[in-house]
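Please keep the sequence and the structure in view while reading.

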Amino acid sequence: MPALQVREFPEDLYEELRVFAARNHRSIAQQTVASVEQAIRGCHQAQCASERRGSFTVEPLVEREARNAKREEVFRRARERQSKLCGALPEPSTMLAEARTERDALFGELAADVAGEKR
């Protein structure tokens with residue numbers, strides 16, 4: 001496969017390319033090929049060609065929408081459960097006080113057991 005070297009590439013443009021490549025989960029080389037392909041052949045052909053080379057996978061729109069709908073349903077159910085539980089749960093400060101009281105009682109029993117008072 002041929003290699004390409006570009007001299008005097010502007011630093012600010014290189015930095016933008018690096019960020020753009022990271023956003024698209026590609027290496028700088030993969031992003032450069034995809035960008036040149038897009039500029040020469042157009043968007044659709046660039047995606048198809050990149051897909052053939054295996055540099056990234058294009059998720060069909062139907063699958064993406066189904067995945068997003070499923071995610072939204074999970075979030076909706078989580079919010080629903082959270083709203084049901086919020087009224088049933090005591091305040092955090094109450095729960096903490098109860099936990100400390102229980103801990104102190106258990107510690108007192110253990111201390112008495114170690115001292116031989118309880119057997």
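In this predicted model, 6% of the contacts between residues at least 6 apart in sequence join residues at least 24 apart. The protein contains 5 helices and 0 strands, and its pattern along the sequence reads α-α-α-α-α. Of its 119 residues, 10% count as buried.

**Confidence of the prediction**

The mean pLDDT of the protein is 83, and 82% of the residues reach 70 or more. Among the elements, H1 has the highest mean pLDDT, at 93, whereas helix H3, covering residues 43–53, has the lowest, at 55.

**The largest pocket**

A volume of about 500 Å³ is found for the largest pocket. Its lining is made up of 15 residues, and those closest to the centre of the pocket are Leu4, Val6, Ala29, Thr32 and Val33. Which helices each supply at least two residues of this lining? They are helix H1, residues 11–23, and helix H2, residues 28–41. The largest share of the lining comes from H2, which provides 7 residues. Sorted by class, the lining of the largest pocket holds 11 nonpolar, 3 polar and 1 charged residues.

**An aromatic pair**

A pair of aromatic rings is described by the distance of the centres and the angle of the planes. In this protein the count comes to 1 aromatic pair. Phe9 and Tyr14 form this pair, with 6.3 Å from centre to centre and 90 degrees between the planes. Why is the pair classed as edge-to-face? The angle of 90 degrees between the planes of Phe9 and Tyr14 is over 60 degrees, and therefore the arrangement counts as edge-to-face.

Most residues other than glycine have a negative phi. Glu8, although not a glycine, has a positive phi of about 55 degrees. Its place is in the segment before H1. His25 is not a glycine either, and its phi is also positive, at about 55 degrees. His25 lies in the loop between H1 and H2. Are these two residues buried or exposed? Glu8 has a relative accessibility of 80% and so counts as exposed. His25 also counts as exposed, because its relative accessibility is 71%, where the limit for exposed is over 50%.

| Residue | Relative accessibility | Class |
|---|---|---|
| Glu8 | 80% | exposed |
| His25 | 71% | exposed |

Terms used:
Residues are numbered from 1 along each chain as its sequence is written. This is a predicted model: local features need pLDDT of at least 70, side-chain atom pairs count only at pLDDT 80 or more; totals for chains, interfaces and linings use all residues. Side-chain values use heavy atoms; hydrogens and water are left out. On a 1 Å grid over the protein atoms alone, a cavity is a set of points where a 1.4 Å probe fits but cannot get out, and a pocket is an open set with protein on both sides within 12 Å along at least five of seven lines; lining residues have an atom within 4 Å of a point. Grid points are joined across faces, edges and corners, and a volume is the space filled by probe spheres set on the points. Helices (H or I, at least four residues) and strands (E, at least two) are DSSP runs, numbered from the N terminus. Ala, Val, Leu, Ile, Met, Phe, Trp, Tyr, Cys and Pro count as nonpolar, Asp, Glu, Lys and Arg as charged, and the others, Gly among them, as polar. Rings of Phe, Tyr and Trp (its six-membered ring) pair if their centres lie within 6.5 Å; planes under 30 degrees apart count as stacked, over 60 as edge-to-face and the rest as tilted. pLDDT is the predictor's confidence in each residue, from 0 to 100. Buried means under 20% relative accessible area, exposed over 50%, partly exposed in between (1.4 Å probe, protein chains only). Contact means heavy atoms within 4.5 Å.
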